[in-house]
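I opened this entry to note what I looked up in the fold, the core and the charged pairs. I go through them one at a time.

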Amino acid sequence: MSPAIEFDFQTPETSFQASGDATVSRTIHPSGLRILSESVPGALSTSIGFWIAVGSRDEDSVAFGSTHFLEHLLFKGTPRRSALDIAIAFDQVGGEHNAMTAKEHTCYYAKVQDQDVSMAIEVLADMVAASLIDAAEFEVERQVILEELAMADDDPSDVAHERITETVLRDHALGRPIGGNPDTIRASTRDSVLEHYARYYRPDELVVTRSGSHQPR
């Protein structure tokens, strides 16, 4: 096993060689944005992630489930791209894109061939930095999330997991369900989710990761 690598967080640029001749690099932008990349010789595809340091535990000022609600909305368009444009951008090159919300972070990610890396980064960056949080789409996604919660309630393993978490963590923020519950989702407002977006979706709360193709074309 390779020894652990200690990052110097005071140095804006650093890199080292990893197993398989891969090169790992870390850059800290003056804005606070951190970029981690792993170039893998021989790889023909690349995985990209935009990681935001906000999860369901950070919802004291908004309705529970708002972080997951926001995740849905970032796929619904920006001033430059509609929801259809975002979907087509990846579909037409055979790529994939999705997102996930956890208790302590949110991630928007994609996997594409090496020649499509620039497109994937541009679209994900646009989604994360310039989402419209459209009022009409907000109401559509409210119903989508309510349906997701109902489906989870029909899954015994999901129900058991939530009950165990609640029992162990009780009133701690980590004990709350990531998606909220039907009452909190119905109570959520566009203004509060928009404020949540502005508060946490900042360069100093963002880590961008890239792993794969050694020489993107």
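Predicted model: local features only at pLDDT ≥ 70, side-chain atom pairs only at ≥ 80, totals over all residues.

**Salt bridges**

I looked up Lys76 and Glu141 first. Their side chains meet in a salt bridge, 3.3 Å from N to O. Lys76 sits in the loop between helix 1 and helix 2, and Glu141 sits in helix 4, so this pair ties together parts that are 65 residues apart in sequence. Glu141 is at 5%, so I put it down as buried, the cut-off being under 20%.

Next I took Arg80 and Glu122. Their side chains form a salt bridge at 2.9 Å, N to O. Arg80 is also placed in the loop between helix 1 and helix 2, while Glu122 belongs to helix 3; the pair therefore ties together parts 42 residues apart in sequence. Arg80 counts as exposed, at 55% relative accessibility. Glu122 counts as partly exposed, at 38%.

I then checked Asp204 and Arg202. Their side chains meet in a salt bridge of 2.8 Å, N to O. Both partners are intermediate in accessibility: Asp204 is partly exposed at 36%, and Arg202 is partly exposed at 32%. I also looked for shared partners.

**Fold and sheet**

I moved on to the secondary structure. The chain has seven helices and seven strands. Along the sequence I read the pattern β-β-β-β-α-α-β-β-α-α-α-α-α-β.

In what order do the seven strands lie in the sheet? I read 1-2-3-7-4-6-5, in an open sheet with mixed pairing. Strand 1 (13-17) and strand 5 (96-101) are at the edges. Each has a single partner strand, so one side of each is left without a neighbour in the sheet. On average, neighbouring strands are turned by 10° against each other, direction ignored.

Strand 5 and strand 6 run antiparallel and are joined by six bridges. His97 stands opposite Ala110 in strand 6. Helix 1 lies across strand 5 and strand 6, at about 165° to strand 5.

**Core**

Nonpolar side chains tend to be buried together in soluble globular proteins. I looked for that here. The largest nonpolar core has 35 residues. Those with the most contacts inside this core are Phe50, Leu74, Phe90, Tyr108, Leu124 and Tyr201. Elements giving two or more residues to the core include strand 4 (45-52), strand 6 (106-113) and strand 7 (206-213). Helix 1 (66-73), helix 2 (83-91) and helix 4 (135-153) are also among them. Helix 3 gives the largest share, six residues.

**Whole chain**

I finished with the overall numbers. Of the 217 residues, 38% count as buried. Residues 24 or more positions apart account for 72% of the contacts with a separation of 6 or more. The C-alpha trace spans about 50 × 40 × 35 Å along its principal axes.

What radius of gyration does the chain have? I noted 19 Å; a compact globule of 217 residues would have one near 17 Å, and the two agree.

Terms used:
Residues numbered from 1 in each chain as written. Heavy atoms only, no water. Core = buried A, V, L, I, M, F, W, Y, C linked by side-chain atoms within 4.5 Å. Buried < 20%, exposed > 50% of the residue type's maximum accessible area, 1.4 Å probe, protein only. Helix = DSSP H or I, 4+ residues; strand = E, 2+ residues; numbered from the N terminus. Salt bridge = Lys/Arg side-chain N within 4 Å of Asp/Glu carboxyl O. Pairing = 2+ DSSP bridges. Axes fitted to C-alpha atoms, helices over the stretch in contact; angles between N-to-C directions. Contact = heavy atoms within 4.5 Å. Rg over C-alpha atoms; globule rule 2.2 N^0.38 Å.
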